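The sequence and structure are shown first.

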Amino acid sequence: MPLLKFHIKTGWSQDQVDRLLDTTHEVMVETFKVPERDRYQIVNEHAGSHFRALDTGLGFDRTEKFVLIEIVSRPRPEEQKIKFYEKLSQDLERECRIAPTDLMFSFITNSDEDWSFGQGRAQFLTGEL
């Protein structure tokens, strides 16, 4: 874990989606020190007519490449989150040509008892993880 949910407008190629997911996972492994196989990603595609994302008054324009990433995670230190935002913005601009102004992140924090990875057990609580 974390569980990442990507919200994008329809029209991305499979290669573009793969690069988005792979780049994000690489940054997640580096900044949060999660195991390589700790990868849970969901892509939600939305018709442009069903997706509004303005700039909260910050003075920049969004494009068709806008990506909203929801991160469901155990608590993380503030400095780790800031490093994640910065590194992922840089890497997605370089690898996917997504402008930093087209990225929005939102963390949803939960606790160890909120996760079960299978077999009906809470692995963070049982000590399996």
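## Parallel pairing of S3 and S4

In this predicted model, Val72 has Ile108 in S4 as its bridge partner. The pairing belongs to strands S3 (residues 67-73) and S4 (residues 103-109), which run parallel and are joined by 7 bridges. Together with helix H2 (residues 78-96), S3 and S4 form a β-α-β unit that is right-handed.

## The sheet

The sheet is open and has 4 strands in the order S2-S1-S3-S4, with mixed pairing. Strand S2 (40-46) and S4 are the edge strands, each pairing on one side only. From one strand to the next, the twist averages 15°.

Strand S1 (residues 3-9) runs antiparallel to S3, and 5 bridges join the two. Within this pairing, Lys5 has Glu70 in S3 as its bridge partner.

## Helices across the sheet

Helix H1 (residues 14-32) lies across S1, S2, S3 and S4, at about 145° to S1. H2 lies across S3 and S4 and runs at about 150° to S4.

## Packing of H1 against H2

The axes of H1 and H2 are 9 Å apart, and the helices pack at an angle of about 150°. Because angles over 145 degrees count as roughly antiparallel, H1 and H2 are roughly antiparallel to each other. Their crossing is right-handed.

Residues of H1 that meet H2 include Leu20, Val27, Met28 and Phe32, and among those they meet in H2 as a group are Phe84, Leu88 and Leu92. By class, the contact of H1 with H2 comprises 8 nonpolar, 4 polar and 7 charged residues.

Terms used. Residues are numbered from 1 along each chain as its sequence is written. This is a predicted model: local features need pLDDT of at least 70, side-chain atom pairs count only at pLDDT 80 or more; totals for chains, interfaces and linings use all residues. Side-chain values use heavy atoms; hydrogens and water are left out. Two strands pair if DSSP finds at least two bridges between them. A crossover is right-handed if, with the strands pointing away from the viewer, the path from the first strand over the helix to the second runs clockwise. Axes are lines fitted to C-alpha atoms, for helices over the stretch in contact, and angles run from 0 to 180 degrees between N-to-C directions. Angles under 35 degrees count as roughly parallel, over 145 as roughly antiparallel, 65 to 115 as roughly perpendicular and the rest as oblique. A crossing is left-handed if the near helix is turned anticlockwise from the far one by less than a right angle, and right-handed if clockwise. Contact means heavy atoms within 4.5 Å. Ala, Val, Leu, Ile, Met, Phe, Trp, Tyr, Cys and Pro count as nonpolar, Asp, Glu, Lys and Arg as charged, and the others, Gly among them, as polar.
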